[in-house]
Each structure stands twice: as C-alpha cells, then as structure tokens.
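Subject: Structure for your files

Hello,

Here is the structure we talked about handing over. My notes on it come after the entry.

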Amino acid sequence: MTAAPLIDPFARAITYLRVSVTDRCDFRCVYCMSENMTFLPKKELLTLEELDRMCTTFIGLGVKKLRITGGEPLVRRDIMTFFQRMSRHLDSGALQELTLTTNGSQLARFADDLFAAGVRRVNISLDTLDDAKFAEITRWGRLKQVLEGIDAAQAAGLQVKINAVALKGFNEDELFTLQDWCASRDMGLTFIEVMPMGDLGNENRLTQYWSLKDLRARLAERFTLVDLSERTGGPARYVQLAETGQKIGFITPLTHNFCESCNRVRLTCTGELYMCLGQEDMADLRAPLRASGDDAQLAQAIRAAIARKPKGHDFDYSRATVDGQMTRHMSHTGG
Ligand code: SAM
Ligand code: SF4
C-alpha cells in the first residue's frame, strides 16, 4: 500500500469495511424486516464489478478486513464470482481477512466455494434451536436447512461463530441450550442486543429488549466468567467460561459505549457509505465511482467521507422511549 491510511478526525484508523451486497433475503426476521418488503430495483445496485472496484479501492487505502453481509449475501446472483475475485487481495497479502455474515440457508451449496476463495470464518445468525420458534422469528426460514448449512460449513473447514439476538420472552429459556450446543460443536457464540432499527411500529423493540447485562448475570449463575481483553475494534466483548473454555461474545451497542475504538465503516449495496451504524449521515460513493473509470475520484470521496466520521452513536433505551432510533432497516446498512 502506498497511499496514506484512512484516519478519521478522532485518530481512529479505518481498517474494516462491511459491505452489504444485496438488500434481499430469503428470510423475514421480525426484528429486521417487515413481511412485505419493497426491494431496490436492480439498476440501483452496484454491479459485482463495481463492488470489486469499491472494495479494491478501500483495500488500497488500508482496509485489511472485509465482511460481506446484506440482506442475505448468499442470495445475490453469482456472488461466488465476487468472493473468487476478492481472493486475489488475500493472495497478495493486502487483505488479511475475507469473511461473511449469513443466515446459513445457502451454505450447503456454497461452503466449499467460500473456503476455496479464502474464507476461513463465517458468522451464522441463529436465535433458537426450536423448529416452531425459528419459523416464528424468521417468518420464512426453516431450521433444518440452516442446520444443514452449518454442517456443510464445518465440513468444508470453515470456523463457525453463531450470532444470536437476545430476545426477551423468546430465547431466554434457551440460553444454556444454545451455549451447550455451541460448545459441543466447537463454535463460538455471540449474543446481540436488539437494536432500534427500521421499527415499523408493529413490533415493539422495547418489549423485545433483553439486556445482555441480565443475560451475562444468568450465565454467571452456572459458570465462572473470565473477561478476555480481546478487542475487535467493534462492539463485541468476550468472556471465557472457565469450566468449558468456551468463548462467549456480547454485542451491546445500547449498554456500552464502544465507539472510541471503532475501526469500521459500512457500504450499502447501492454504494452509500455509512460512517456510523447509529447515525443518518452517509456519503454517496456510487456517483464518483460511476463518474470515472479511474479510481482517484472514488478514493478522494472515501477520504472526504472518513473525515466526517462521527464520534459515536446516540442509541439509548434507558428512557421510556427509544431515543436515537433509526428508520433504516438493518438489512439496508448490513448488520
Ligand atoms: N442475513 C444475514 C444474517 O442474518 O446473518 C446478514 C445480514 S443480518 C442484517 C446481520 C445481523 O444483524 C444478523 O445477525 C441479525 O440477527 C442482526 N440483526 C438484524 N436486525 C437486528 C436488530 N434490529 N437488532 C440487532 N441485530 C439485528
Ligand atoms: Fe434476512 Fe439476516 Fe435480516 Fe434475517 S437478519 S431478515 S436473515 S437479513
């Protein structure tokens, strides 16, 4: 890399790009999407070639880690071509990690190809191990298909981490079932607090909110929790269960302030760059990308955007109403 790295106004180096490659999904998780979603017309989306140019430009500016997300990234047509192309940056050493977050439904088809493209770890979202509850929370999903996807991922050699959204009255009773299941399969487990994204009024995030402080206290009733110093530059904090050696993560955007070490930005499938998940400000990178075949203009627009990265977000559940609420759906910015 010859260009100066991306440093924001708060002296944070931006080395992690999360890219949403589609707003579409084969599930309709209640906390993420409404049942009747209107998706973007195809012409609005960056093509796979444009996504390649975007990511390559970011990598040229010092991004070391790329996480592909959505919507459901594996429902985008021909997405394996994109992963295969990105693997050249792993080969050159410019990129340290290429990874994805997926609902797992398509992994039985794609796990081997992902491994061949250099992916070594996947995050798979799964909130429950109960068939009926899975159908309820995802509306359109089938648990069996996801479990087969997880089997395929592990068989392909991918390291799996399970992400579960902590939902009051929904998976509270499965805390130890999920923990035990992940331990038995040698998979990491991270809990996420539900965030006030794209709330349409029909699902009330406040009643679904299960604080991870409470979840952690319940884990501590059965295990000795050892805090790990490991930091990913994001909202995750980790503990080790002394009795099993298992690592459990907590993503607590609402009860903890993690912004001071934030190293990431998010690109939507239309080329909007969100400098903070919890703020509305974004930069349109599609226009500079399409304006010229050379990437200098794009690189300049990226630098100008990073110079606007805010200090932090304003989510707050501590009052009776949800403050700092975003009207955007999670699937838009990419989780
Ligand atoms: N479809 C893929 C999946 O489900 O893993 C990738 C995109 S999804 C938007 C990424 C993550 O965001 C998932 O783990 C999902 O559970 C989480 N998520 C979606 N809506 C959320 C919300 N309102 N609060 C917290 N996490 C949310
Ligand atoms: Fe789809 Fe993931 Fe959102 Fe569920 S959380 S609707 S799987 S994008």
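Predicted model: local features only at pLDDT ≥ 70, side-chain atom pairs only at ≥ 80, totals over all residues.

Residues are numbered from 1 along each chain as its sequence is written, chains are lettered from A and ligands numbered from 1 in the order in which they are written, and side-chain values use heavy atoms, with hydrogens and water left out.

Whole chain. The protein chain has 11 helices and 12 strands (DSSP runs numbered from the N terminus: helices are H or I of at least four residues, strands E of at least two). Of its 335 residues, 57% count as buried (buried is under 20% relative accessible area, exposed over 50%, partly exposed in between; 1.4 Å probe, protein chains only).

Ligand 1. This ligand is surrounded by 17 residues, and the closest are Tyr31, Gly71, Glu72, Ser125 and Met195 (a residue counts if one of its heavy atoms lies within 4 Å). Strands β3 and β6 (188–193) each supply at least two residues of the shell.
- a nitrogen atom of the ligand is 3.0 Å from a polar backbone atom of Tyr31;
- an oxygen atom of the ligand lies 3.2 Å from a backbone N or O atom of Thr102;
- an oxygen atom of the ligand is 2.5 Å from a side-chain N or O atom of Ser125.

On its own, ligand 1 has 540 Å² of accessible area, and the protein covers 95% of it.

Ligand 2. Around ligand 2 are Cys25, Phe27, Cys29, Cys32, Met33, Gly71 and Asn103.

Helix α3. In α3 (residues 107–116), Leu107, Phe110, Ala111 and Leu114 are buried. They lie on the same side of the helix because they cover an arc of only 130° around its axis (taken from the directions from the axis to the C-beta atoms). Arg109, Asp112 and Ala116 are exposed on the other side. The buried residues pack against α2 (79–92), β3 (97–102), β4 (121–125) and α5 (143–156) (contact means heavy atoms within 4.5 Å).

Glu50. This residue lies in helix α1 (residues 48–60) and is buried, with a relative accessible area of 13%. Leaving out residues up to four places away in sequence, Glu50 touches Leu45, Leu289 and Arg290.

Regards

Methods: Polar contact = N/O pair within 3.5 Å; in protein donor to acceptor, adjacent residues only side chain to side chain. Areas by Shrake-Rupley, 256 points an atom, 1.4 Å probe, with all protein chains shown as cover.
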